[in-house]
Amino acid sequence: MEQIAHWQQHLTTLLTPLYERLFEYWPGMVAFGGLVLAIAMMSHAVLHKRDSRAAAAWTGLIWLVPIIGSVLYLLIGVNRIQRRAQQLVADHLDQSSEPHPVVQPRPADQHLHSLAELAGRLTGLPLLPGNLITPMEARDALPAMIEAINQAEESVYLATYIFGNDMAGRPVIDALAAALERGVQVRVLIDGMGSLYSFPTVMRRLRQRRIPCARFLYSIAPWRMPYMNLRNHRKVLVIDRSIGFTGGMNLRGGYICEPASTRDLHMRVEGPVVGQLLRSFAADWQFSARETLNVDYVGPLVCGPVLARGISAGPDADIGKRRMTLLAAIGSAQHEIRIMTPYFVPDQTLLTALQLACLRGVRVELVLPARNNMRLVHWASLHLLPWLVNDGCELYFSPPPFDHSKVMTVDGSWALLGSGNWDARSLRLNFELDMECYDPSLVAALHDIMDRRRQQAQRVSLESLRPFYLKRLRNAVAYLLEPYL
């Protein structure tokens, strides 16, 4: 014991000067460590960010806010996603399972042929004929989805960003549990962050009812799930591998409460394009739950007149597909572009494309919520809207309830519907699913909905978009955060 005490005293004698020296020089060591970290993070941003403005913004944040900026870049700036689903199920989800038409169909409008061909090259998926797309208000879509689940005989696959443990979510859970008792294969995928929007979360209720469920990119360990972005924002329901629902609607009580706090659009989908929705869900489920699902579409090949194609987008192999589709659609327009979206903060390339469309004589109509649930996004949008309005864009602000609908139409013949917004999250950072559709009758139905929204909205003049100095400064500062919004 005396020898041990002697060695402890000797060790203390040796280490005490070291501790004192470290304490004396720790500010310099921290500064040096912060410098090395900043150089490493800046190098990564410059080498890996495809958008030079995003790289410049991250570089500025890294150097102007030492250490904290580097940590933020590590948390939300680095794309660590490796879509193992694409590797593990490649043999099961190859193009051979797609119902390719013998002759690739073309839209009736000749000037949209190049748009259809471009989307085909981007996605690697065919444009499929024979579909029936029925747009529905959220209040009507929720009961329709529950009824479809109640009628399911073989399978129910549901993916959503937010699944509320509320008056909207609980009836869906009851229908899923009843389907499971009938022997139906039920699978539910919820985004890891979206599952936290209600407390207690819906996951506990799903597990209590023994419903097979998984969360996309979720972990209780903060070092394994530090993602504010890179979320699965897709909304997909596939019944019996033959009927689908998709759009922008989450499963939340705000759509059906009285009075409703949110409006939205969703679609009932019938026809071969349901197979593409099925494949999208199966890939995300494989990534999250490590289970391979049957992706063979078994419904009828002709249900309606719509040519349709699914467009999956995300920060993995699908990066840029949605943005390039939007650019191609804007460039293809000859008469009219109509857009309804809750979040409008496009990058400079998209903004310039819309300005050029206005200057070419194309009528551009934009309907946005007057009050947004994300103030920073709204302020950033207010900063860039004057340029569009000055070039001839017709801008409308719709009154409450908050309108979460996402629709774009071109020349009365083409429509893009789904989960994607016009902001950096949807264009670069999140996983989205949209559908491009070619059919004048469908677009006419969408225009009826948009016309009703516009009748309730207020036309915004250029003068009203020029508030006093402090508000303009606030909006400009908010727009500086565009790469992160």
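Among contacts between residues at least 6 apart in sequence, what share joins residues at least 24 apart? In this predicted model, the share is 80%. The chain has 485 residues, of which 55% are buried. Its secondary structure comprises 15 helices and 17 strands. The accessible surface amounts to about 22200 Å², and carbon and sulfur atoms account for 59% of that area.

With this overall picture in hand, the packing of individual helices can be followed. Two packed helices are described by the angle between their axes and the distance between the axes. For helix H10 (residues 321-332) and helix H11 (residues 348-359), the axes come within 9 Å and cross at roughly 10°. Angles under 35 degrees count as roughly parallel, and H10 and H11 are therefore roughly parallel to each other. On the H10 side, the contact is formed by Arg323, Leu326, Leu327 and Ile330; on the H11 side, the partners are Thr349, Leu350, Ala353, Leu354 and Ala357. Sorted by class, the contact of H10 with H11 holds seven nonpolar residues, one polar residue and one charged residue.

H11 also packs against helix H12 (residues 375-390), and here too the axes come within 9 Å, with a crossing angle of roughly 25°. H11 and H12 are therefore roughly parallel to each other, and the crossing between them is right-handed. H11 contributes Leu351, Leu354 and Gln355 to this contact, while H12 contributes Leu384, Trp387 and Leu388. By class, the contact of H11 with H12 has five nonpolar residues, one polar residue and no charged residues.

Just after H5, glycine 124 adopts a positive phi of about 70°.

Definitions and conventions:
Residues are numbered from 1 along each chain as its sequence is written. This is a predicted model: local features need pLDDT of at least 70, side-chain atom pairs count only at pLDDT 80 or more; totals for chains, interfaces and linings use all residues. Side-chain values use heavy atoms; hydrogens and water are left out. Helices (H or I, at least four residues) and strands (E, at least two) are DSSP runs, numbered from the N terminus. Buried means under 20% relative accessible area, exposed over 50%, partly exposed in between (1.4 Å probe, protein chains only). Contact means heavy atoms within 4.5 Å. Accessible areas come from the Shrake-Rupley method with a 1.4 Å probe; for residues, only the protein chains shown count as cover. Axes are lines fitted to C-alpha atoms, for helices over the stretch in contact, and angles run from 0 to 180 degrees between N-to-C directions. Angles under 35 degrees count as roughly parallel, over 145 as roughly antiparallel, 65 to 115 as roughly perpendicular and the rest as oblique. Ala, Val, Leu, Ile, Met, Phe, Trp, Tyr, Cys and Pro count as nonpolar, Asp, Glu, Lys and Arg as charged, and the others, Gly among them, as polar. A crossing is left-handed if the near helix is turned anticlockwise from the far one by less than a right angle, and right-handed if clockwise.
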